[in-house]
Amino acid sequence: TIDRFTPRFPTFPPEKRGNPWHVPIQYHVPKPFPPDTKYFTIVRDPYNRAISEYYCPYTGYKGGKNASDPRVMNDWIQNLVKTQLHAENGVISFLPQHRYVFDTAAGSGGEQRMVDHVLHFETINTEFAALMTLYGLNVTLPDKQDNPTNVAAASSDDRTLSRSDLTSETIRLINDCAAKDFESFGYSTMMATNAHEI
C-alpha cells in the first residue's frame with residue numbers, strides 16, 4: 001500500500017487525497033517502484049481539463065439540472081481554481097499537471113524531471129501505441145471517446161458545455177493557474193478578451 005508521503009506533500013486532509021495514484025511521484029516515500037522504472041503520464045488541454053473536472057461524478061458539480069448553464073459552470077470553475085491555491089480546500093485531482101512531471105524542490109540546481117514520457121490526452125491512442133512499440137509491449141487502449149470532457153458523465157447530453165462557453169474571467173484564472181502547464185506541454189492559451197460573455 002502506498003500511503004506515506006514526504007513532508008512537502010500539500011496539506012490535503014486524508015479525505016481529499018483520493019487514491020495514491022492521484023499523488024505526484026515526487027511526494028511518495030519511498031518511491032513505489034524500483035529505481036530503473038520508466039514512468040509515463042498523460043496531460044491534457046487545461047481548459048478541457050477544468051470542464052472535465054466540472055463534469056466529474058466524484059469531485060464535480062453536484063447541482064443537478066442546471067449543470068448545462070454556462071453561468072453555473074463558470075462560477076464553479078472559478079471557485080475551483082481559486083480554492084486550488086489553498087491545499088486544504090482544493091482537489092488533488094486538479095493539481096497543476098507539471099507537478100506530476102517535475103519536482104520543483106529537487107534542489108538548488110532547479111527542477112528534476114520525474115517522468116520519462118509525457119503523453120497527450122488529445123492524441124493518446126497514437127502516442128500510447130508508439131510508447132508501447134518503443135518498449136516492445138503488446139498493450140493497447142480501447143478507443144477514446146471523441147468528447148473532450150469527462151466520459152464518466154451519465155450521457156453525452158450531460159456534457160453540452162465546452163471551452164467556447166468559458167468567460168474571460170474563467171480563462172484568465174485558468175491561464176494563471178496552469179501557466180506552466182501551457183508552457184511545458186505545448187498547449188496554446190486562449191485570449192481572455194475574445195471570450196464568450198454571459
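An axis here is a line fitted to the C-alpha atoms of a helix over the stretch in contact, and the angle between two axes runs from 0 to 180 degrees between their N-to-C directions. With that in hand, let's walk through this predicted model.

Start with helix 1, residues 46-55: its axis and that of helix 4 come within 10 Å and cross at roughly 110°. Because angles of 65 to 115 degrees count as roughly perpendicular, helix 1 is roughly perpendicular to helix 4. The crossing of these two helices is right-handed. If you want to find the contact on your screen, look for Pro46, Tyr47 and Ala50 in helix 1, which meet Ile171, Ile174 and Asn175 in helix 4. The residues of this contact divide into five nonpolar, one polar and no charged.

Now turn to the other partner of helix 4. Helix 2 spans residues 70-84 and helix 4 spans residues 168-177; they pack at an angle of about 25°, with their axes 9 Å apart. Angles under 35 degrees count as roughly parallel, so helix 2 is roughly parallel to helix 4. Helix 2 passes helix 4 in a left-handed crossing.

Which residues of helix 2 and helix 4 meet? From helix 2 come Asn74, Ile77, Gln78, Val81 and Lys82, and from helix 4 come Glu169, Thr170, Leu173, Ile174 and Cys177.

Conventions. Residues are numbered from 1 along each chain as its sequence is written. This is a predicted model: local features need pLDDT of at least 70, side-chain atom pairs count only at pLDDT 80 or more; totals for chains, interfaces and linings use all residues. Side-chain values use heavy atoms; hydrogens and water are left out. Helices (H or I, at least four residues) and strands (E, at least two) are DSSP runs, numbered from the N terminus. Angles under 35 degrees count as roughly parallel, over 145 as roughly antiparallel, 65 to 115 as roughly perpendicular and the rest as oblique. A crossing is left-handed if the near helix is turned anticlockwise from the far one by less than a right angle, and right-handed if clockwise. Contact means heavy atoms within 4.5 Å. Ala, Val, Leu, Ile, Met, Phe, Trp, Tyr, Cys and Pro count as nonpolar, Asp, Glu, Lys and Arg as charged, and the others, Gly among them, as polar.
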